[in-house]
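Subject: Structure for your review

Dear colleague,

Please find below the structure that I am handing over to you. I would be grateful if you read the notes after it with the structure open beside them.

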Amino acid sequence: QVHLVESGGGLVQAGGSLRLSCAASGRIFSINAMGWYRQAPGKQRELVAVITGGSSTNYADSVKGRSTISRDNAENTVYLQMNSLKPEDTAVYYCYAKVVPIRFSRAYDYWGQGTQVTVSS
């Protein structure tokens, strides 16, 4: 079993900052990629940012320049620093990891339970 636990969400005023964290634990052999998705009410889940094992990154246009994704491979943890937050950033943010579990030969997708980010105007 692999578990992802997020932290760092909350209520912040527009223009403020938040740092989300997500730690992966369990029977992990390796993690290929980690990232963050978000889902606002009435909308589909969308990619926010992703980082590979080699530290290549990709960001949604809507957060590019305002957010930084980083990763601690030793701790199996991914971070998302979000600055200059806008009300439209309000959503549930989900951690994602593509994990090769111990004794498995391929990677599987795992998700966290989600953390609410609310940006007030």
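The notes below concern the links between side chains.

Please keep in mind that this is a predicted model.

Disulfide. A disulfide is a covalent bond between the sulfur atoms of two cysteines. The count here comes to one disulfide. This disulfide joins cysteine 22 to cysteine 95, with an S to S distance of 2.0 Å. Because cysteine 22 belongs to strand S3 (residues 18–26) and cysteine 95 to strand S9 (residues 91–101), the pair ties together parts that are 73 residues apart in sequence. The link of cysteine 22 and cysteine 95 is left-handed, with -85° about the S-S bond. Cysteine 22 has 0% relative accessibility and therefore counts as buried; cysteine 95, at 0%, counts as buried too.

Salt bridges. The whole structure holds five salt bridges. One of them pairs lysine 98 with aspartate 109, whose closest N and O atoms are 2.8 Å apart. Lysine 98 lies in strand S9 and aspartate 109 in strand S10 (residues 108–111), so this pair connects parts that are 11 residues apart in sequence. Salt bridges that share partners also join Arg38, Glu46, Arg66 and Asp89 into one network. Within it, glutamate 46 and arginine 38 meet at 2.7 Å, N to O. Arginine 38 is buried, at 5% relative accessibility, whereas glutamate 46 is partly exposed, at 36%. A further salt bridge links lysine 64 and aspartate 61, at 3.1 Å between the closest N and O atoms. Aspartate 61 is exposed, with a relative accessible area of 66%, while lysine 64, at 49%, counts as partly exposed.

With kind regards

Note on methods
Residues are numbered from 1 along each chain as its sequence is written. This is a predicted model: local features need pLDDT of at least 70, side-chain atom pairs count only at pLDDT 80 or more; totals for chains, interfaces and linings use all residues. Side-chain values use heavy atoms; hydrogens and water are left out. A disulfide is a pair of cysteine sulfur atoms within 2.5 Å. Helices (H or I, at least four residues) and strands (E, at least two) are DSSP runs, numbered from the N terminus. Buried means under 20% relative accessible area, exposed over 50%, partly exposed in between (1.4 Å probe, protein chains only). A salt bridge is a side-chain nitrogen of Lys or Arg within 4 Å of a carboxyl oxygen of Asp or Glu.
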